[in-house]
Amino acid sequence: MSTPSPASYNGIHYFAQGWKLVRLPGIRRFVVIPLLVNIVLLGGAFIWLFRRLNQWIPQLMSHVPDWLQWLSYLLWPLTVISIVLVFSYFFSTIANWIAAPFCGLLAEQLEGRLTGQPLPDSGWLAVAKDFPRIMKREWQKLAWYLPRAAGLLLLYFIPGFGQTVAPVLWFLFSAWMLSIQYCDYPFDNHKVSFQTMRGALRRHKTDNMQFGALVSLFTMIPLLNLAIMPVAVCGATAMWVDRYRGQLGQHNLRAAASTSKSR
């Protein structure tokens with residue numbers, strides 16, 4: 001029986017792989033810090049959110065016009081989903097900012113494990129040296145994200161239509177953005193530009209949307225969302241190794257090796 005080629009794997013496969021790879025011996029120690037950041041920040045934020053929902057939902061529903069009250073049975077769950085979607089993405093973004101250097105290190109170590117070819121300049125010292133560049137990259141992602149997110153949030157102010165359509169559009173946007181967020185770690189380790197990375201991901205947009213949609217969904221599920229950050233990093237790194245590394249990583253890998261030898 002023939003083994004499926006990596007080209008036949010979809011985003012669901014890589015999401016499932018993330019749950020397996022995160023438990024590999026030798027990789028688990030690089031999972032600890034991203035996991036702790038996620039537990040403290042996302043866990044605490046969701047506890048606070050669920051205590052406030054009973055106050056917020058009636059207040060928001062009171063703004064629905066009388067002529068749309070017959071849709072309240074539909075708008076109420078959509079409003080809850082919208083709040084959880086926006087809230088989960090907002091706090092997962094903050095968690096990713098804090099944990100970005102450690103997520104990059106996790107992606108780096110896992111790539112070395114999967115390929116047998118560790119990056120020339122790797123480890124905790126490299127993380128400290130690259131910290132300004134890593135933060136600059138996070139700013140790039142934020143600058144790309146904010147105007148698009150603001151446009152979607154404005155839809156919520158359109159009575160009826162906004163509350164119905166906006167949650168769907170926000171979920172799709174979150175799926176794409178989370179795919180970008182987590183795939184960026186292995187791409188950035190190879191100094192692939194943000195624009196080049198987005199172009200590469202667009203060529204496999206359906207698979208990346210599947211991956212991001214599952215990450216977005218699990219980010220909203222209590223307890224499971226506490227582990228989603230390192231899982232998503234591992235799944236995205238496996239995707240990088242199978243699909244993108246051969247085209248985009250080798251040139252930068254050779255350049256980095258040459259630079260390292262010349263020091």
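I began with helix α1 (residues 11-21), where Phe15 and Trp19 are four residues apart and therefore separated by about one helical turn. Helices here (H or I, at least four residues) and strands (E, at least two) are DSSP runs, numbered from the N terminus.

Before going further I noted the basis: this is a predicted model, in which local features need pLDDT of at least 70 and side-chain atom pairs count only at pLDDT 80 or more, while totals for chains, interfaces and linings use all residues. Residues are numbered from 1 along each chain as its sequence is written, and side-chain values use heavy atoms, with hydrogens and water left out.

**Overall fold.** I found eight helices and zero strands, and of the 263 residues of the protein 50% count as buried. I took buried as under 20% relative accessible area, exposed as over 50% and partly exposed as in between (1.4 Å probe, protein chains only).

**Aromatic pairs.** I listed 12 aromatic pairs in the structure. For the term itself, rings of Phe, Tyr and Trp (its six-membered ring) pair if their centres lie within 6.5 Å, and planes under 30 degrees apart count as stacked, over 60 as edge-to-face and the rest as tilted. Phe15 is buried at a relative accessible area of 6%, whereas Trp19 is partly exposed at 25%. I then looked up Tyr145 and Phe173, which form a stacked pair, 5.6 Å centre to centre with 10 degrees between the planes. Because Tyr145 lies in helix α4 (residues 124-155) and Phe173 in helix α5 (residues 161-189), that pair ties together parts 28 residues apart in sequence. Tyr145 counts as buried at 10% relative accessibility, and Phe173 counts as buried at 12%. I also noted a cluster in which ring pairs link Phe15, Trp19, Phe211 and Phe218.

**Charges over rings.** I found Lys141 over the face of Tyr185, at 4.9 Å from the ring centre, and Lys205 over the face of Trp176, at 4.8 Å from the ring centre. The criterion is NZ of Lys or CZ of Arg within 6 Å of the ring centre and within 35 degrees of the ring normal.

**Salt bridges.** I counted seven salt bridges, each being a side-chain nitrogen of Lys or Arg within 4 Å of a carboxyl oxygen of Asp or Glu. Glu111 forms one with Arg245, the closest N and O atoms being 2.7 Å apart, and this pair links Glu111 in helix α3 (residues 72-115) to Arg245 in helix α8, 134 residues apart. Both Glu111 and Arg245 are buried. Arg137 and Asp188 meet at 3.5 Å, N to O, which joins helix α4 to helix α5 across 51 residues; both Arg137 and Asp188 are buried. I placed these two within a salt-bridge network that also links Arg133, Glu138, Lys141 and Asp184. Arg243 and Asp207 meet at 2.9 Å, N to O, with Arg243 in helix α8 and Asp207 in helix α7, 36 residues apart, and both are buried.

Tyr244 and Met197 are 47 residues apart in sequence and 9.3 Å apart in space, C-alpha to C-alpha.
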